[in-house]
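Hi there,

Here is the model I promised to pass on to you. Please have a look at it first, and then read my notes below.

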Amino acid sequence: MTLTSAPDLATPPVRRPFRQGMARLRRDPVSLGALIIILAMVLAAVFAPWAAPYDPNATDISVALEASSWAHLLGTDVYGRDQLSRIIYAARIDLLIPAAATAIALIIGCAIGAVAGYRGGWLDHIVMRCVEAVMAFPALVLAMGLAAALGSGLGNLVIVIAVTQVPTYLRLIRGEMLRVRDMEYAEAARTVGNGDGRIIFVHLLPNCIPPIIVQATLSLGYGLLTMATLSFLGLGVRPPDSEWGEMTAEGASQIVTGEWWLFVFPGLAIIFTVLAFNLVGDALRDLLDPRMRGVK
Amino acid sequence: MPPLLEVSELSKAFPLRGATRMLATFRGGPQAVQAVSDVSFNVAAGETLGLIGESGCGKSTVARCITRVIDPTSGTVLLNGQNIAALDKTAMRRARHDVQMVFQDPTAALNPRLTVRRMVEEPLRLEGKLTSTQRRERLFEVMDDVGLGRDLVDRYPHEMSGGQRQRVNIARAIATHPRFVVLDEPTSALDVSLRSRIILLLEHLRKRLGLAYLFISHDIATVKYLAQRIAVMYLGRIVEEAPGAELFARPAHPYTRALLSAVPVPDPDAATERFPLSGEIPSPLAIPTGCALRGRCPLAQPICAEPVPLRDIAPGRKVACHLA
Amino acid sequence: MTALLETEALTVHFATSDGPVEAVDGADLTVRTGEVFGLVGESGSGKSVTAMAIMRLIQPPGRIVKGSIRFAGIDLATLSEKAMRDVRGSRIALVPQSPRTSLNPVMSVGKQISRVISVHGGLGWRASGARAIELLAMVGVPDPAHRAKQYAHQLSGGTCQRVMIAMALATSPQLLIADEPTTGLDVSIASRIIELLRDLGKRTGAAIILITHDLGTVAQSCDRFAVMHAGQIVESGDTRCLFRAPAHPYTHALLRSIPRVDADVVLQPIAGSVPALLHPPAGCRYQRRCELAMPVCCEKPRRTSVSVSHDVACFAAEKKYAAAS
């Protein structure tokens, strides 16, 4: 009879989620491709001075409005600026602003959603009615209105995008909180003497992380799309700052005269990046959320 | 010597909500579910009191009221003379180090995102008496106590087997040297071979550390093995309380007789005499007046409609039945 | 009594990327007409998989690798899927573990039963409705005509299980497989369900395979039973014989490891834990937990008779009984 030592209790082997994820990725070339696109975009943005073949703002009238060539892979614009270099430099804003907005939305949404979900009652009612009020507006209309009210500037743009995303996080976390707050480990945390704050943020919130990661990935894509749309409409990034949406707006005026590349290439950059974020988000959902597994 | 834990007239009602409440108002029925009513019992230091009954009888609600996971509607819970039912949040958090709980499902009761070390050390950190070195020592001490290897402290729950997880739960419960531990069906989710080990571990810890247990279970054989005294609950009330051996030899309440006779005996030659009750447990919203067993009891008499208090019938034996 | 069901060397594997999980390893079972046959084991012992294999309900990646399942003269293991569907509906029925989730929540229970009758019995809807009420009365549901109109959520767990039993009996099957039919039910309800099953077996002449982990239930209700450990049947035979003189060390250990209401015992836990079924030890899978293990245990033990109706698969037991006789 073994009581104080229990060598007989077989210990299951340690699972390695990262390795599992990589193995799964290898069988899923589409998600792998999407991940590579995102990594390439990030690297290009970070190392823009090295990655870009020209200075993005160097004008050279002699090569203005040239189509794709070996010298200028994606052609040049009215001022003879190299389009590829401009797209690479613009990636900095295109990735950074949605990222900042997502981070802010995530922190605010999680904090309020977690407390509302855990406490329930009147607090939950008030918060949820506010969320519903915000969500009653179509996201883009809300973003346009806010952008117009706040005025231009990169900081304001971050705020606008964040505001459109907060309700999503809030509802997501509130739902997750409702699920985990009645788990036995929540009760166990209470019986050993944890206060509500510690229970919410140390014990319960970490158990809601997988859907947050998925949502964050997806909302990077949505954030980029919102920003590009606003910029296209002239409500977001304005020259001299450049951004893909703003570049398509500039390029759009050249379509009639046949210089299609100025519109198409920044547009493709938006499409591929947003698509890549969505695909990676879906793949993460499959990986992290067992409930969604096998649902396609 | 006064008992370590003294529960008197503990009651808990869960108010109905939403559509159910509207329906109840419309029909003129009760607005709350009386889960526990007027439950009183004592547990002496170093003793195990078994609490048995079928699902919905309120035994888990009693456990949660004593550990203040939920707040009782009325009644007192004296632990070492201190009424923990009346403590405010902050005072209760301090008192928790003296009364701990082990849950039914070893997997659900462990936070999947925390390591064993963090979970077992947490009550010590919250108690705030020990330095971090002392806490580490205490951690290793309780790991030894519950028979877990020290190499397991940095594991996550999913990296352990079911038996190991329940040992972690027990380690967490005893880390702060509590004198009283509530065990809420700690063996129900375990397989036969693990169950016997956990039973022996609990018994070993009680003897060695002088713990007192409130052992809640529907597994009557396990309660018989562990408990010195047993209380039987039916529809929120204690209907009988007796020393373990006495209860099994001479059950006094018809409900106890029915419950004990329904337990399958692992002996094909055992002469079992069923004492069947008719029908099913009534809804807790429609508990009969007088003796709650009235509608189902084969021995029922007109007098059973009268209120039936829990009374002494012999030293250490209590029963709530007019006919016993 | 004649054998109704006989499995021989029934082996079920579940394919994984690391190799096959050998869930059932050469199970030999004999179930006789009209008896209650218990299948006992800890979780992961393969008792449910065995039952599913008998009904041919093993889903990929699981597969019946080899073995025969002879049921009333036909080999189910090689039967076509279409013919098997007929057998499953009308001649072998299953009483599931969780009755509440097995019932359709949006159809009244009476209708669910009468649907089974009309599909398999070819009765009209009026006749099958009446038969459904008859069946509910037979399984001891009070006021069956009223209950038949109710839905699963309006019934208690015990009544739900009675409804499932009525549904299983709808086609007068020859074999009823009850997979832990009392899980989640209270003791008094559980004992009544088991009693009901036993009684119905006697009345209808159907054989019952009762899967359980509770030795008390086996002792009280089974005529014969088999003990499974890690996918292998270690011992089988007459209930009385097995309880009085368990021959396999595992059965022995199992009986000593449970607290009892009828006697004061000293608990002796079983050493070790059930081995993983992915790359299990060769030969007897109990060898690493067994105090009587010998070098020969690395080979697969044969099934040997200890007495007329008592078989065991263990080298140590074989040696002991060879010496005794």
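Let me start with chain B, which has 10 helices and 12 strands; helices (H or I, at least four residues) and strands (E, at least two) are DSSP runs, numbered from the N terminus. With a radius of gyration of 21 Å, close to the 20 Å from the globule rule for 324 residues, chain B is as compact as a globular protein of that length. That radius is taken over C-alpha atoms, and the globule rule is 2.2 Å times the number of residues to the power 0.38. Along the principal axes, the C-alpha atoms of chain B fill a box of roughly 65 × 55 × 45 Å.

A word on the ground rules: this is a predicted model, in which local features need pLDDT of at least 70 and side-chain atom pairs count only at pLDDT 80 or more, while totals for chains, interfaces and linings use all residues. Residues are numbered from 1 along each chain as its sequence is written, and chains are lettered from A and ligands numbered from 1 in the order in which they are written.

Of the 324 residues in chain B, 48% are buried (20 or more other C-beta atoms within 10 Å of the residue's own; exposed is 12 or fewer, partly exposed is in between, and C-beta atoms are placed from the backbone). Glu9(B), in strand S1 (residues 5-15) of chain B, has a positive phi near 50 degrees although this residue is not a glycine. Glu9(B) is exposed, with 12 other C-beta atoms within 10 Å.

Now to where the chains meet. 31 residues of chain B are in contact with 29 residues of chain C, contact being C-beta atoms, placed from the backbone, within 7 Å. On the chain B side, helix H7 (192-209), helix H8 (220-226) and helix H10 (254-262) each give two or more residues, and H7(B) has the largest share, with six. By class, this side of chain B has 18 nonpolar, seven polar and six charged residues. Here Ala, Val, Leu, Ile, Met, Phe, Trp, Tyr, Cys and Pro count as nonpolar, Asp, Glu, Lys and Arg as charged, and the others, Gly among them, as polar.

Chain C is divided into domain 1 (3-91 + 173-324) and domain 2 (103-172), with bounds from an automatic or database domain assignment. Their centres, taken over C-alpha atoms, are 30 Å apart. Between them, 14 residues of domain 1 of chain C are in contact with 11 of domain 2. Helix H2 (81-90) and helix H8 (187-204) of chain C each supply at least two residues of the domain 1 side, and the largest share, seven residues, comes from H8(C).

Strand S1 (residues 3-16) of chain C pairs with S4(C) in the antiparallel sense over eight bridges, where pairing needs at least two bridges found by DSSP. Glu8(C) stands opposite Ser68(C) in S4(C). Two bridges also join S4(C) to strand S5 (residues 74-75) of chain C, again antiparallel. Their hairpin has two residues between the strands, and Ala72(C) takes a positive phi near 45 degrees there.

The loop between helix H1 (47-54) and strand S4 (62-71) of chain C holds Pro61(C), and the peptide bond from Pro60(C) to Pro61(C) is cis, with omega near 10 degrees. Arg56(C) lies in the loop between H1 and S4 of chain C and has a positive phi near 55 degrees.

Best wishes

Methods
Two residues are in contact if their C-beta atoms, placed from the backbone, lie within 7 Å.
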